[in-house]
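Thanks for coming, everyone. Let's look at the structure together, and then I'll walk through its cores and its rings.

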Amino acid sequence: MNLPLGITGYRSLKEEELPITDGTEFIQHCYAIIRQLGGKVKSTTEENSYRNFYTVKYDYHGEINFVLLNKHYPFLAFASSIDSLTFLDFPDMAATFNVFYTVLSKEILNRALTADHLSTLSKAELEQITYWKPETIGEVIFNNWD
């Protein structure tokens with residue numbers, strides 16, 4: 001998987017603006033889908049979060065987890081923790097979210113980062129990767145870099 005230009009949320013001021021995913025629409029989808037499957041949304045992130053992804057925290061049969069959406073590309077993931085980025089697979093939810101987003105499996109997100117994955121990223125992004133030293137694809141797509 002080659003990571004698309006701008007996936008990290010970083011760019012040079014000379015480069016074009018990055019695409020933006022619709023956080024409000026994402027939250028609406030989460031409320032509808034999670035409720036439909038018998039869960040309950042507990043909280044959502046603020047638009048101005050330093051993360052390059054939106055989060056929705058939810059309770060599903062007594063288990064608290066998160067839905068993540070990259071702010072620049074429609075890549076979605078599930079996690080049990082957003083601080084340590086512990087990714088999960090939820091096939092039932094994934095099937096429903098897949099109508100709107102590209103749902104990434106934990107197997108893909110936990111893959112070790114290689115030079116091939118980074119081949120389309122900008123100089124500004126590569127500088128951040130050198131500084132923050134992510135080890136997996138998921139740590140690039142869903143980062144907490146400030």
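Are Phe78 and Phe90 buried or exposed? Both are buried, and buried means under 20% relative accessible area, exposed over 50%, partly exposed in between, with a 1.4 Å probe and protein chains only.

A word on the source. This is a predicted model, where local features need pLDDT of at least 70, side-chain atom pairs count only at pLDDT 80 or more, and totals for chains, interfaces and linings use all residues. Residues are numbered from 1 along each chain as its sequence is written, and side-chain values use heavy atoms, leaving out hydrogens and water.

Back to the rings. Phe78 and Phe90 make an edge-to-face aromatic pair, 5.7 Å centre to centre with 85° between the planes. Rings of Phe, Tyr and Trp (its six-membered ring) pair if their centres lie within 6.5 Å; planes under 30 degrees apart are stacked, over 60 edge-to-face, the rest tilted. Phe78 sits in strand S4 and Phe90 in the loop between strand S5 (86–88) and helix H2 (91–97), so the pair ties together parts twelve residues apart in sequence. Helices (H or I, at least four residues) and strands (E, at least two) are DSSP runs, numbered from the N terminus. One aromatic cluster includes Phe78, Phe90, Tyr54 and Tyr101.

Now the cores. A nonpolar core is a set of buried Ala, Val, Leu, Ile, Met, Phe, Trp, Tyr and Cys residues joined through side-chain atoms within 4.5 Å. The largest has 24 residues. Strand S3 (63–70), strand S4 (75–81) and helix H5 (137–141) each give it two or more residues. Apart from it lies another core of 19 residues, Ile33 and Tyr101 among them.
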